[in-house]
Amino acid sequence: MDPFSAEGELLTLHNNFHQGQYQAVLDSDTSSLSHSNVVPARVLKLRAQIATGDAQGAISSAQKESGPDFAAVKALAQYSSGDNAGATKQIEQLIETSSENATAQILGGIILQASGRTEEALSLLSKHQGNLEAIALITQIHLQQNRTDLALKEVSAARKWAQDSLLVNIAESWVGMRVGGDSYQSAFYVFEEMAQTPSSTSTKSLISQAISELHLGRLPEAEAAINQALQNEPKEIEAIANAVVLTTIMGKTTEQQQYLEQLKREKSDHALLADLEEKSSLFDHAAGKYSAKVSS
C-alpha cells in the first residue's frame, strides 16, 4: 500500500507538510508507525524542521542517521543554511550512487533547480516511480520555464490515477493560476478552502489564497489574507514579497517601501529583488538612448 494514499498511515503527515503546517508535522506522534514508514516520516519531520528555519538542527540530526534519505536531507539543510557549494557536492555524490532513491530524487531536484541546473533537475525527477511530489516539482519547474503546456500535461496525467490527492489539487491550481480565465476561480476555491479550514490553515495557504484573490482583482480580500499571513509570521519571506507586489498595485507607496526595505533586510537575494533590479537597469539603459528636448 502507498503510505501517502488515502488509506496510508502517512497521509495526514504528508498533507500537513504540503499545506505548510510544519509545526503540526513536528508535533506528530510517529512512534506507532510500521517499520517501512519510519524513515519517510522522519524525513518529513526533518524537512519541516528546515522549513521552520532550523536548518542547523536538521543537519545535526541527519548526521546521526545513515542512508541516502538522510544524506539528501543533510544536503537540503546545507543549501537552506547558505552552504550552496557543500549541498551541491553532497547531492552530486548521492545521485551517482542512489539516483533511484525517492528522497534523493526530490531533494536533489529541489537543490539542482535552485542552483539553476534545470535540465539536470528534470532528468533526476523523471526517474520517479509514481511519486506525486516529484510530479508537483516537475510541474513547478515547467511553470518557471514558461512551459504551461508541459505543466498541464503533468498534472492531467497525474489526475487520472490520483484524483483525490491534495498535492495534485495544489499542482493543478498552480497551473490554473498561469492559464487564467475560469481557472483563476478554480484555483481560488482550492487555496481558500485550505486557508480558511481550521484543520488545514497555514501561513503558506493564506499566501496562496491572497495570490489567487489578486489575480481575480479582489484587492481588499487579497490584502486581508496577506495581513493575516503576516500577523501569523511577521518575517515570512513570501508573505513580505507578495505584500510588496500587492501594495504596489494598490498604490500604497509608503507601505510598499516599508515592505521592500524589510524584504531587503530579511532576504537580499530574493528573486523579486533581483527582478526589480534587472527591470530598473533595463529601463535606465533604454532611457539613456533618449535625451530630453528643451523648448526655447
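Visitor: Why is S205 called buried?

Guide: In this predicted model, the relative accessible area of S205 is 1%. Buried means under 20%, so S205 is buried.

Visitor: Where does S205 lie, and what does S205 touch?

Guide: S205 lies in helix α13, which covers residues 203–215. Leaving out residues up to four places away in sequence, S205 touches Q19, F191, M194, A195 and S200.

Visitor: Why does R47 count as buried?

Guide: R47 has a relative accessibility of 8%. The limit for buried is under 20%, and R47 therefore counts as buried. This residue R47 is part of helix α3, residues 38–51.

Visitor: What makes the approach of R47 to E133 a polar contact?

Guide: The two side chains, of R47 and of E133, are 2.6 Å apart in this contact. A polar contact requires a pair of N or O atoms within 3.5 Å, one able to donate a hydrogen and the other to accept it. The contact between R47 and E133 is listed as polar, at 2.6 Å. With neighbours within four places in sequence left aside, R47 is in contact with F17, L76, I106, L107, I110 and E133.

Visitor: Which residues of α7 and α9 meet?

Guide: From α7 there are I106, I110 and Q113, and from α9 there are E133, A134, L137, I141 and Q144. Sorted by class, the contact of α7 with α9 has five nonpolar, two polar and one charged residues.

Visitor: Why are α5 and α7 described as roughly parallel?

Guide: Helix α5 comprises residues 68–80, and its angle with α7 is about 20 degrees, with the axes 8 Å apart. The limit is under 35 degrees, so α5 and α7 are roughly parallel to each other. The crossing of α5 and α7 is left-handed. In α5, the residues D69, A72, V73, A75, L76 and Y79 meet T103, A104, L107, I110, I111 and A114 in α7. By class, 10 residues of the contact of α5 with α7 are nonpolar, one is polar and one is charged.

Visitor: What makes α9 and α10 roughly antiparallel?

Guide: Helix α9 (residues 132–144) and helix α10 (residues 148–161) pack at about 160 degrees, with their axes 7 Å apart. An angle over 145 degrees counts as roughly antiparallel, and α9 and α10 are therefore roughly antiparallel to each other. The contact involves L132, I135, I138, T139, H142 and L143 of α9, together with T148, L150, A151, E154, V155, A158 and W161 of α10. The residues in the contact of α9 with α10 comprise nine nonpolar, three polar and one charged.

Visitor: Why does N146 count as exposed?

Guide: N146 lies in the loop between α9 and α10. The relative accessibility of N146 is 59%. Exposed means over 50%, so N146 counts as exposed. Phi of N146 is near 60 degrees, which is a positive value in a residue other than glycine.

Visitor: Why is L272 called buried, whereas V190 counts as partly exposed?

Guide: The relative accessible area of L272 is 18%. The limit for buried is under 20%, so L272 is buried. V190 has a relative accessibility of 21%.

Note on methods:
Residues numbered from 1 in each chain as written. Predicted model: local features only at pLDDT ≥ 70, side-chain atom pairs only at ≥ 80, totals over all residues. Heavy atoms only, no water. Helix = DSSP H or I, 4+ residues; strand = E, 2+ residues; numbered from the N terminus. Buried < 20%, exposed > 50% of the residue type's maximum accessible area, 1.4 Å probe, protein only. Contact = heavy atoms within 4.5 Å. Axes fitted to C-alpha atoms, helices over the stretch in contact; angles between N-to-C directions. Parallel < 35°, antiparallel > 145°, perpendicular 65-115°, else oblique. Nonpolar A, V, L, I, M, F, W, Y, C, P; charged D, E, K, R; others polar. Left-handed = near helix turned anticlockwise from the far one by under 90°.
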